[in-house]
Amino acid sequence: MSNVTPPAHCTFEPDDWLKLAAQWHPVARAMDIGGAPVKAVLLDEQLVLYRIQGEVVAARDVCPHRGVPLTLGFHDEQGIVCPYHGLRFGAGGKCNRIPSSPDQAIPAKLNLSTYKVEERYGLIWVCLAFDAEQPAKLPVMPHWESAGFQQINCPGFEVNGFAGRQVEGFLDVAHFAWIHTDTFADASNQQVPDYQAIERDYGFEADYWSTVGNYPASSEFRAPEGFKWLRHFEMHLPFTATLTIHFPGDARLVIMNAASPVSARKTRMFAPIARNFDLDIPVEDVYAFNQRVFEEDRLMVETQMPERLPLDLSLEAHIPADRSSIAYRRGLKKMGFGDFFLV
């Protein structure tokens, strides 16, 4: 879509918003999008999502006739219907019915303002300002399609904080012993072994080896004596990270932390998971454990000051365990973002 501009009451600086709008962000789980209109908000832009003929349409949530939100409407077999005057919108967001003038040729001005959509990792990804000449790349999730791996897509949930703050928390390895002791970590295992963050074209990656286990605290399973756990992080700028955890043997767990910026002050979290063990455990149990881990982080993310993520490294103090955090901030700065000042 050309000539995209920040929406009214945008909470981002205009330059930052335009850069973010050119990237891919998840807005919903694919399983949750059928024919009926579904509301989503991305970068302060109100969206309507619906599926027709197998394809997902993402458009501004406004009827081009008289401005009524289409998420107040309903669907039939040929599209979504505006509740005000019954105009219907189908494939590609094109208007295909005007009930009050059924024989009139439908002007292009009645078509919806649509956005580029991709369906991957069980999520619906949207790019508000797609550049066909220099398209942004979607993040990559290891093992999602590997043989023997189960795909799980946890329900989304909202965090009242900036996406960058949440992502930085996901990358942080020093908080395990302080925040996650009820789920998997050991309160007495506080030291962070040395590790490095290696710059990549998509952001950076980091291999973190430690004795911090990843079995649930309630589990009877324990790693062999002296076992070193590998946590492999891949940060896809600006807001999507993956974590591949190497369990004993060939067992692998991959978690994608996809932080969708609803606004500069609100984030919708999505967490696709791939694993090749415990395949008999109900997915509801996986949902619940994943939610518990993220809930442990919530208070920290929602109360950090300043609300934005300071990209000027001189504005906060740093410790050796912050190598991933520092690489993350440098990566965002290299992309041309400011300090994410709120409007």
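How many aromatic pairs does the structure hold? I looked this up before anything else. The structure holds 11 aromatic pairs. I kept in mind that this is a predicted model.

**Entry: Tyr-121 and Trp-144**

I took the pair Tyr-121 and Trp-144. Their ring centres are 6.2 Å apart and their planes stand at 85 degrees, so I logged the pair as edge-to-face. Next I checked where each residue sits. Tyr-121 is in the loop between strand E9 (114–120) and E10, while Trp-144 is in the loop between E10 and strand E11 (150–159). The pair therefore ties together parts that are 23 residues apart in sequence.

**Entry: Phe-162 and Phe-239**

I moved on to Phe-162 and Phe-239. This aromatic pair is edge-to-face, with 5.8 Å centre to centre and 85 degrees between the planes. I found Phe-162 in the loop between E11 and H2, and Phe-239 in the loop between E14 and E15. This pair ties together parts that are 77 residues apart in sequence. Phe-162 counts as buried at 3% relative accessibility. Phe-239 counts as buried at 2%.

I also noted one aromatic cluster, formed by Phe-227, Trp-229, Phe-247 and Phe-277.

**Entry: largest pocket**

I turned to the pockets. The largest has a volume of about 1,200 Å³. I listed its 45 lining residues; Phe-176, His-180, Phe-184, Asn-214 and Val-293 are the closest to its centre. Which element gives the largest share of this lining? I found H4, with 9 residues. Other elements that supply at least two residues include helix H2 (163–171), strand E16 (252–261) and helix H5 (323–334). I sorted the lining by class and got 24 nonpolar, 10 polar and 11 charged residues.

**Entry: second largest pocket**

The second largest pocket has a volume of about 630 Å³. I found 29 residues lining it, with Asp-201, Tyr-202, Gly-203, Leu-237 and Met-335 nearest its centre. Strand E12 (197–200), strand E13 (203–210) and H5 each give two or more residues to this lining. H5 has the largest share, 4 residues. By class, I logged 15 nonpolar, 7 polar and 7 charged residues.

**Entry: helix H1**

Last, I looked at helix H1 (residues 14–21). Its buried residues are Asp-16, Trp-17, Leu-20 and Ala-21. Viewed down the axis of H1, they fall within an arc of 130 degrees, so they line one face of the helix. What do the buried residues of H1 pack against? I found strand E1 (25–29) and strand E10 (123–127).

Conventions: Residues numbered from 1 in each chain as written. Predicted model: local features only at pLDDT ≥ 70, side-chain atom pairs only at ≥ 80, totals over all residues. Heavy atoms only, no water. Buried < 20%, exposed > 50% of the residue type's maximum accessible area, 1.4 Å probe, protein only. Arc of directions from axis to C-beta. Contact = heavy atoms within 4.5 Å. 1 Å grid on protein atoms, 1.4 Å probe; cavity = no way out; pocket = protein on both sides within 12 Å on 5 of 7 lines; lining within 4 Å. Points joined across faces, edges and corners; volume = space filled by probe spheres on them. Nonpolar A, V, L, I, M, F, W, Y, C, P; charged D, E, K, R; others polar. Phe/Tyr/Trp six-rings, centres within 6.5 Å; stacked < 30°, edge-to-face > 60°.
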